[in-house]
Amino acid sequence: MKTVIRLLALVCLFPCLLQAQNRTLHDFTVKTIDGEDFSLSQLKGRKALIVNVASKCGLTPQYEQLQSLYEKYRDRNFVIVGFPANNFGQQEPGTNEEIKAFCTLNYGVTFPMMQKISVKGEDMAPLYKWLTQKSENGKEDAEVTWNFQKFLIDENGRLVKSIPPKTVPLSEDIVSWIEEKE
């Protein structure tokens with residue numbers, strides 16, 4: 001009887017596991033920093049770099065390279081999407097309005113910025129659950145370890161890999177990935 005129950009449980013769980021692994025970035029809708037819905041399905045056919053950002057971090061100057069990368073490749077089917085998060089050392093304490101002003105005034109950010117979210121813990125945003133859990137993305141487990149962790153997403157919305165926070169946006173690893181198949 002126990003074997004039958006286990007078998008039934010597996011049969012019931014298997015489709016759920018497959019469905020989770022079949023999800024892509026394009027299945028999510030998030031809020032822009034201005035509070036508007038933003039369907040990530042708009043990014044179909046484009047490579048994307050997803051990054052959690054913070055205004056008061058030692059890595060905050062990476063905004064400059066993120067903006068340079070975006071300017072160089074945005075017309076070549078590439079986009080950066082920034083997600084402010086206050087999960088590490090309270091280094092993103094501001095409101096969405098304050099964050100937007102900071103990014104615009106200090107770094108001239110024009111790539112899409114979303115509302116502040118949580119990228120770890122019990123209140124982790126659904127998108128970040130997908131990015132960080134192999135059971136969700138079908139690729140890898142990738143804990144967000146600090147601000148400016150980067151996730152590379154292919155044109156089909158599939159996770160390619162995560163890039164550690166200290167790896168600069170203009171690194172060879174990221175640039176060569178963007179330029180693949182051009």
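Colleague: What makes Lys100 and Asp34 a salt bridge?

Modeller: Their closest N and O atoms are 2.9 Å apart, and a salt bridge is defined as a side-chain nitrogen of Lys or Arg within 4 Å of a carboxyl oxygen of Asp or Glu. Lys100 sits in helix H3, while Asp34 is in the loop between S1 and strand S2 (37-39), 66 residues apart. Helices (H or I, at least four residues) and strands (E, at least two) are DSSP runs, numbered from the N terminus. Before we go on: this is a predicted model, where local features need pLDDT of at least 70, side-chain atom pairs count only at pLDDT 80 or more, and totals for chains, interfaces and linings use all residues. Residues are numbered from 1 along each chain as its sequence is written, and side-chain values use heavy atoms, with hydrogens and water left out.

Colleague: Thanks! Why is Lys100 called partly exposed?

Modeller: Its relative accessible area is 37%. Buried means under 20%, exposed means over 50%, and partly exposed is in between (1.4 Å probe, protein chains only), so Lys100 with its 37% is partly exposed.

Colleague: How many salt bridges are there by this rule?

Modeller: The count comes to four. One of them pairs Glu136 with Arg23, with 3.9 Å between the closest N and O atoms. Glu136 belongs to helix H5 (residues 134-137) and Arg23 to the loop between helix H1 (2-22) and strand S1 (29-31), so this pair ties together parts that are 113 residues apart in sequence.

Colleague: Now the helices: why is H2 called roughly perpendicular to H3?

Modeller: The axes of H2 (residues 62-73) and H3 (residues 96-107) cross at roughly 75° and come within 10 Å. Angles of 65 to 115 degrees count as roughly perpendicular, under 35 as roughly parallel, over 145 as roughly antiparallel and the rest as oblique, so H2 is roughly perpendicular to H3.

Colleague: Which residues make that contact?

Modeller: Tyr63, Glu64 and Gln67 of H2 and Phe102, Cys103 and Tyr107 of H3, where contact means heavy atoms within 4.5 Å.

Note on methods
Axes are lines fitted to C-alpha atoms, for helices over the stretch in contact, and angles run from 0 to 180 degrees between N-to-C directions.
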